[in-house]
Amino acid sequence: EGKLGKFVDVNKAACDLYGYTREEFLSISPLEISAADNVGYFRKQQEQATFGEKIIVQSTHVSKNGRKFPVEISRSLSETDGRQVAVSIVRDISERQRILQELEDARAGLKQRVDDRTVQLQENSERVTDLISTIHNAVYVYKAVDNANDFVLSEFNHAAEVMEGRSRQEVIGKNLTEFAPKAKNSGLLIALSTIYKTGKHEYYPPSIYKDRHGGPDSWREAWLYKLSSGEIVAEYNVVTELKQSEEALKASEQKTRAILDASPDVIHLIDSNGIILASNEGFAKRMGLELDDVVGTSVFDYGTTESARSRKAALDKVFSTGKPLQLEDEAITGVFESYIYPVSNPAGEISAVAIYARDISERKRAERELLDNEAKFKTISHESLQGIVITKDQTIVYVNPAFEDLFGYTMEKLNAL
């Protein structure tokens, strides 16, 4: 009659779930196990129930000890022994709701993490963009398309704008083969594709790049590497001034080498241990060696034991005092007059010495012959019976004993007249 009565039967599972005995259950109404805030809803469902219709609802029930728990009720109306009864199958869905809540919490947490990560990636992207924009080198960032047969430019810094003569807006989002048609037949597209597939970083040494706008050619070195995102970074450094400096230095070195090799004198650059750091062809030819064979050897090996000792003392003195020094010693191939000059590094420290050595063997031989001739002349003139007098610049520089005997004047008296 649409009115709620008492329970007419319950099973053991119901007794276990609610904590009532069967006798206690049969003495109470279904309203007594329904949470107070669900009583109105429960009455409405009961009143709307019709025969043959099965309804499934969720509600909150209360056990004998006052514990509230969520339930799912499958209810249908039937008639037994002339009485209208409601048959309800009740399931405790606490675990289900706990799992659902955990899933909901997990989804909410995941969404929050995704949102946080999105913000972080956006901030990182902005920081990377800011960082790239401040890099001195020209930076291009590419994304692979068409199975790495082409690449889309995703980032392009100010230095690249200057290098390309194009604004960032003109090229971002465009295919490499679109904004640089010649790239299809160049090594760049192949290099990008290879690095995308292998993941290996590559360095390309300086080479000439033609200016597409008709400007002067430039020297550039490049680094290509793959990011964890799969993007390829191409970084270019313009080294034109450096290459020009290198070429100028190379030309200067060639001129210096030509001057050194044209000198007949021996020229060395030597460290504090006497090791030859550089030399010239004059010395190499004198020793019958190639110039490369001379470098790295000891200067003390090209002379006598005595000359090695004197050279060592001279080198030590120049390194300790920082003052140049002149030395005359005997080497394997003759007698040399050497001038030793200190060479300082940028810090002002003496790092080496330069030695300019001239072979004076012939001069020394001529000096010895002259001394010998002078000795012979003095012997002959001293024993001669004829008076001999030698003058220079109207001054008497020599008279022999016979002259003194003949005229009665010594050389001192004659010059005093």
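Is S74 buried or exposed? At 8% relative accessibility, S74 comes out as buried, where buried is under 20% relative accessible area, exposed is over 50%, and partly exposed is in between (1.4 Å probe, protein chains only). The views below come from a predicted model, so local features need pLDDT of at least 70, side-chain atom pairs count only at pLDDT 80 or more, and totals for chains, interfaces and linings use all residues. Residues are numbered from 1 along each chain as its sequence is written, and side-chain values use heavy atoms, with hydrogens and water left out.

**View A. S74 in strand β2.** S74 sits in β2, residues 68-80; strands (E, at least two residues) and helices (H or I, at least four) are DSSP runs numbered from the N terminus. Skipping its neighbours within four places in sequence, S74 touches K54, I55 and I56, plus V87, S88 and I89. Contact here means heavy atoms within 4.5 Å.

**View B. Helix α12 and its buried face.** The 17 residues of α12 (305-321) should span 24 Å at 1.5 Å a residue, and the end C-alpha atoms are 25 Å apart, which agrees. That expected span is 1.5 Å times one less than the number of residues. S307, A308, R311, A314, L315, V318 and F319 are the buried residues of α12. Down the helix axis they fall within an arc of 130°, so they line one face of α12; the arc is taken over directions from the axis to the C-beta atoms. An α-helix has 3.6 residues a turn, so residues three or four places apart point the same way. T305, E306 and S320 are exposed on the other side of α12. The buried residues pack against β9 (266-270), β11 (325-331), β12 (334-344) and β13 (350-359). Just after the helix comes G322, with a positive phi of about 75°.

**View C. The largest cavity.** There are 2 cavities of 30 Å³ or more, and the largest holds about 240 Å³ of space. On a 1 Å grid over the protein atoms alone, a cavity is a set of points where a 1.4 Å probe fits but cannot get out, and lining residues have an atom within 4 Å of a point. Points are joined across faces, edges and corners, and the volume is the space filled by probe spheres set on them. Of the 18 residues lining the largest cavity, H268, V299, R311, S338 and A357 lie nearest its centre. Elements giving two or more residues to this lining are β9, α10 (281-287), α12, β11, β12 and β13. The lining splits into 13 nonpolar, 3 polar and 2 charged residues, counting Ala, Val, Leu, Ile, Met, Phe, Trp, Tyr, Cys and Pro as nonpolar, Asp, Glu, Lys and Arg as charged, and the others, Gly among them, as polar.

**View D. Helix α8 and its cover.** Buried in α8 are L189, A191, L192, S193 and I195. Their cover includes β4 (138-145), β5 (150-156), α7 (176-179), β6 (202-209), β7 (218-226) and β8 (232-238). G199 follows α8, with a positive phi near 75°.

View E. Most residues other than glycine have a negative phi. D146 is exposed at 57% relative accessible area, and N147 is exposed at 65%.

Methods
1 Å grid on protein atoms, 1.4 Å probe; cavity = no way out; pocket = protein on both sides within 12 Å on 5 of 7 lines; lining within 4 Å.
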